[in-house]
Amino acid sequence: MAFDNAYEALTEDAGGLGDRWAHGTGFQDALSGVDDTVPAGVDLTAAARHVLGLADDALVMAHRLSEWCTHAPELEEEVALANIALDLLGQARSLLARAAQLDPGLRPAGVPGHVPDEDALAFFRAAEDYRNVRLVEAPHGDFGHLVARLLVFSTWRLALLDRLSGSRDPVVAAVAAKAVPEVAYHRDHAAGWAVRLGDGTDESHRRVAEGLAEVWPLVEELFATTDAERTAVADGTGVDPATTRAEFADVLSRVCDQATLDPPGMDDRGAGDAPAVPRGRTGQHTAALRDLLAEMQSVARAHPEGRW
Amino acid sequence: MPSAEEVMTVTDRRTGHGPDGARRPPEATLADETEAQARFERLIAEDQRIEPRDWMPEAYRATLIRQVAQHAHSEIIGMQPEGAWLTRAPSLRRKAILLAKVQDEAGHGLYLYSACETLGADRADLTEKLVTGRQKYSSIFNYPTLSFADVGVIGWLVDGAAICNQVPLCRSSYGPYARAMIRICKEESFHQRQGYELLMTMMGGTEEQRAQVRDAVDRWWWPSLMMFGPPDAESPNTARSMAWRIKRHTNDELRQRFVDITVPQAEALGVSLPDPDLRWNAERGHYDHGPIDWDELSRVIRGDGPCNAERIATRRAAHRDGEWVRRAASAHAAKRAARDAVGAGVAG
Ligand SMILES: [Fe+2]
Ligand SMILES: [Fe+2]
């Protein structure tokens, strides 16, 4: 019997695990190969807080996207959504590791030493210590809701990352530079669907419009600035989310126009208006986050001494 | 990581071929057909590839459609048992690996449905057959995943058995299937490796983790052996499929190969396989194993496995829930085409 030996791969050096995956490498070390010098004169606590918010946004959004797995409307969409989730998960891992590096005090007390920082922060923090915006928290609704949320999220995140690629923190700058093309694709993907659904059938138009209406109350918070962000901006490591408002409004209105959707109102926040109030960024979350974490953290917490 | 766009370009091949694209023209004469058949047989005998536009016997086409569709369905249904652990993966690295693996399986399903379409099948129709139970998928996916160790054992044993089955198919006589298999096998060998690596890591963890690994191995071992299908004596179509070179080894040969490779891996891992009769037979140069419960296999294939109903229900729900989305996409494409046509008319 002449068999081809597919098992040769098993005897090869397992250290090269990354390079043979079809989609996605970089599973090994969240910060490998990146210059992680901490710039002088930076308020580390504030810098870490800022990075943590960006990390948690990506982590929770990736988690919600991964819930779509085996439920997508077509197989191409299974692949696309998993890919977007993988990109965000990759961003989250690097940023979590950086946050803990900048401020080791973020690492929850009592987590065994063998647990990497990224996992200590993801699996052993309580909901109130998460710093993500509330937009990413809601359980997944229908595909119209997904498209609306992904469009809003990626438009906002792209604007943030774009500005962060000039950060004085070399890790943040590197992660942002790598993430910009990824999130640009996420935004295009969501915008493409918004147009197909908005300008598709009556039903799809209604569903995507409803999705947009559902996420809209959570949009204002995206432009709220925290004290940590203000300090990070002053130190040259961070970005003020308020500066992304105009770009966000412009992109959304153009997509809605093509999608024949009425853009939900965006106020211009002139000089006289009260500034947007941070919620998730200061630990105020919806109950959905607690449920999400209870599930996500269940195995890791059941085996704190476990090796994975 | 390749950009999502790259991934999409690779997999976005929905168009396929027209339902009758590969069939012989109706005006072909008897002499033409005899000549075409002689050519088909020569190609097979010379171990050459049959391509979509070549003449092929209807039974060859039908057998292949059934085989490739069943394989595609298995990739897609196979996403479920492991996908169930995506939201609970205990480290972010494992979450990323698992997500990438499950995504690969969706990609495999896509390649295989495309290969099937080159034979004149239609993806929507095949999906309909799957969700209504008229076409099968691998019975292995009808077992539940009870702990995170199952993710590792599926990678090691289930992807491992799939590799044994599939590597010879890289030399299948049908070109598009063979080419899809080459690509799939590369990814599968990686799936197996990540599973084995997870188990190795867990075995170095706590006693509780080791117990989970042992329990998962106990549950998945026999179903993995059943993945190779009924024994040769009860596999009536094997001879014809081997003559057509769409199957290259018998079920029992492949099963033996899998056992021989896996036993030393289990030893290295430090787990015992749940078969008291498993031992090296120096005379044969192979491991002997105990009798397989074929009644269980037929029960599960018939639909009485622990998760048959759930697997189909999940797939059916995704397909039905996605109908309005797919309809919207075609409605939008039609509107665009109409607008473009008007635009072109004005410009012209
Ligand atoms: Fe596969
Ligand atoms: Fe696989």
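Let's start with one term. A donor is an N, O or S atom within 2.8 Å of the metal. Hold on to that, and remember that this is a predicted model.

Now the metals. Which residues coordinate the iron ion (ligand 2)? Four of them: Glu105(B) through OE, Asp159(B) through OD, Glu188(B) through OE, and His191(B) through ND1. The distances run from 2.0 to 2.2 Å. Along the chain, these donors follow the spacing E-x53-D-x28-E-x2-H.

Why is the arrangement irregular? Look at the angles. The four donor atoms around the iron ion (ligand 2) subtend 83 to 157°, and that makes the arrangement irregular. A tetrahedral site would need all angles between 85 and 135 degrees.

Next, the sequence positions. Glu105(B) lies in helix H5 of chain B, and Glu188(B) lies in helix H8, residues 175–203 of chain B, so the pair ties together parts that are 83 residues apart in sequence. Are these two glutamates buried or exposed? Both Glu105(B) and Glu188(B) are buried.

On to the other iron ion, ligand 1. Its coordinating residues are Glu75(B), Glu105(B) and Glu188(B), each through OE, plus His108(B) through ND1. Here the distances are 1.9 to 2.2 Å. The spacing along the chain reads E-x29-E-x2-H-x79-E. The angles among the four donor atoms are 86 to 142°, and this site is irregular as well.

Glu75(B) is buried, with a relative accessible area of 6%. His108(B) is buried too, at 0%.

What bridges the two iron ions? Glu105(B) does, and the ions lie 3.4 Å apart.

Stay in chain B for a moment. Find Trp156(B). Setting aside residues up to four places away in sequence, Trp156(B) touches a list of residues including Gln192(B), Tyr196(B), Leu199(B), Val217(B), Gln265(B) and Leu273(B). Trp156(B) also belongs to the largest nonpolar core, which has 192 residues. Within that core, Trp156(B) is among those that touch the most other members, along with Leu59(A), Phe143(A), Val152(A), Leu197(A), Tyr60(B) and Trp220(B). Which element gives this core its largest share? Helix H3 of chain A, residues 75–102, with 17 residues.

That takes us to chain A. Chain A has eleven helices and zero strands. Of its 308 residues, 58% are buried. Among chain A contacts with a separation of 6 or more, 79% are between residues 24 or more positions apart.

Where is it? In the loop between helix H4 (117–123) and helix H5 (143–164) of chain A. Asn132(A) is buried, with a relative accessible area of 0%. Its side chain makes a polar contact with the side chain of Glu137(A), at 3.1 Å. Beyond its neighbours within four places in sequence, Asn132(A) is in contact with residues including Gly53(A), Asp56(A), Val60(A), Arg281(A) and His285(A).

Last, confidence. The predictor gives the complex an ipTM of 0.92 and a pTM of 0.91. Chain B has a mean pLDDT of 90, and 91% of its residues reach 70 or more. Where does the pLDDT of chain B fall below 50? Over residues 1–24. That stretch still has 52 contacts in the model, beyond near neighbours in sequence.

Definitions and conventions. Residues numbered from 1 in each chain as written. Chains lettered and ligands numbered in written order. Predicted model: local features only at pLDDT ≥ 70, side-chain atom pairs only at ≥ 80, totals over all residues. Heavy atoms only, no water. Donors = N, O, S within 2.8 Å, 3.2 Å for Na, K, Ca; no water. Tetrahedral: all angles 85-135°; square planar, octahedral: opposite > 155°, others 65-115°. Buried < 20%, exposed > 50% of the residue type's maximum accessible area, 1.4 Å probe, protein only. Helix = DSSP H or I, 4+ residues; strand = E, 2+ residues; numbered from the N terminus. Polar contact = N/O pair within 3.5 Å; in protein donor to acceptor, adjacent residues only side chain to side chain. Contact = heavy atoms within 4.5 Å. Core = buried A, V, L, I, M, F, W, Y, C linked by side-chain atoms within 4.5 Å. pLDDT = per-residue confidence, 0-100.
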